[in-house]
Amino acid sequence: MPMSEDPTSLEVFFEGTEEFIADHSTAISTLKFGDTFKTTSAGRHSEANNFVKQYLKDTSKRADILDLGASNGVTSLDLIELLGDCLDRYYVTDLNLKVWMTRHENWLIFFDSFNKPILKASKYFVVYNDPMDSSSFITSRIRKTFESINSRNLTKEEILLIDPRLEKLSRSNDKISFSEHNIFDFWDKSTPNVVKVSNILNRAYFSDDLIKSAIQQIKNYVEDGALIVFSRNDAAMEKVSTFIKKGKSLIAHESLNGGVEIVDLID
């Protein structure tokens, strides 16, 4: 339907075409996990990436970067290409780096890591398994349809939700890693000197208490002097707030376009 992009192109990539899918990020952005769409596109974090590059230039540091909530990594690829040889390590992380897919009765069905069907798509329709008004006839029918799907023993294929260009680059560059990670959990794979947090921490997704909890975790595992970049895209502009880790605190460093909406929760 006109109001939705088409996620079925992910099946084409899975079947092994050698060409990169031009609309991979568009297809990824249709996926919804809980309350969160996996929205992304190349170039949308250009200002945040420039802050990272300038910080590394000013400090003469090599980059050990943790990218939180990086979706399919297309914006991570932007930063990797921008930094070039000063990159030591880049962790592309997201809570949902995979889906499982199957064909059933002319529908392409996607499942999350808990084997829950999250959406189904045909040639004309995209239907989500999250009806808001469960009392209505239509949403009641949707719920029953997904319950029927979940009760079947369907053979599923795993799809890695990483931009094909980044996945190809990682095969020849061992500095790039992918990791499923919950932003509210402790990160124990490295002690990053740059943490990039783009769009994931906002009040549309989480309460203030949860946002504070995620920020506290970041403070717990970054090195002293590390740069933490918070950015948020809206329809008009990219807003950025950067902080430097000092002791147990994050000290405001620079901002752009008024900074992010959660700046009052960061200390």
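Two strands are said to pair if DSSP finds at least two bridges between them. In this predicted model, strand 11 and strand 12 meet that description, for they pair in the parallel sense over 5 bridges. Within this pairing, Val194 stands opposite Leu227 in strand 12. Strand 12 is largely enclosed by the rest of the structure, because 6 of its 7 residues are buried. A residue is called buried here when its relative accessible area is under 20%, and exposed when that value is over 50%.

How many cavities of 30 Å³ or more does the structure hold? There is 1 cavity of that kind, and about 40 Å³ of space lies in the largest cavity. Its lining is formed by Val197, Ser198, Asn199, Ile200, Leu201, Phe230, Ser231, Arg232, Val260 and Ile262. The elements that contribute two or more residues to this lining are strand 11 (194–198) and strand 12 (227–233). Strand 12 gives the most, with 3 residues.

The helices may be considered next. Helix 4, which spans residues 74–83, is mostly covered, with 7 of its 10 residues buried. These buried residues are Val74, Thr75, Ser76, Leu77, Leu79, Ile80 and Leu83. After helix 4 comes Gly84, whose phi is positive, near 60°.

Helix 6, formed by residues 164–172, has Pro164, Leu166 and Ser170 as buried residues. Why do these residues lie on the same side of helix 6? They cover an arc of only 165° around the axis, and therefore they are placed on the same side of the helix. Finally, the N-terminal end of helix 6 is capped by Asp163, which has a side-chain oxygen 2.9 Å from the backbone nitrogen of Arg165.

Terms used
Residues numbered from 1 in each chain as written. Predicted model: local features only at pLDDT ≥ 70, side-chain atom pairs only at ≥ 80, totals over all residues. Heavy atoms only, no water. Buried < 20%, exposed > 50% of the residue type's maximum accessible area, 1.4 Å probe, protein only. Helix = DSSP H or I, 4+ residues; strand = E, 2+ residues; numbered from the N terminus. Arc of directions from axis to C-beta. Polar contact = N/O pair within 3.5 Å; in protein donor to acceptor, adjacent residues only side chain to side chain. 1 Å grid on protein atoms, 1.4 Å probe; cavity = no way out; pocket = protein on both sides within 12 Å on 5 of 7 lines; lining within 4 Å. Points joined across faces, edges and corners; volume = space filled by probe spheres on them.
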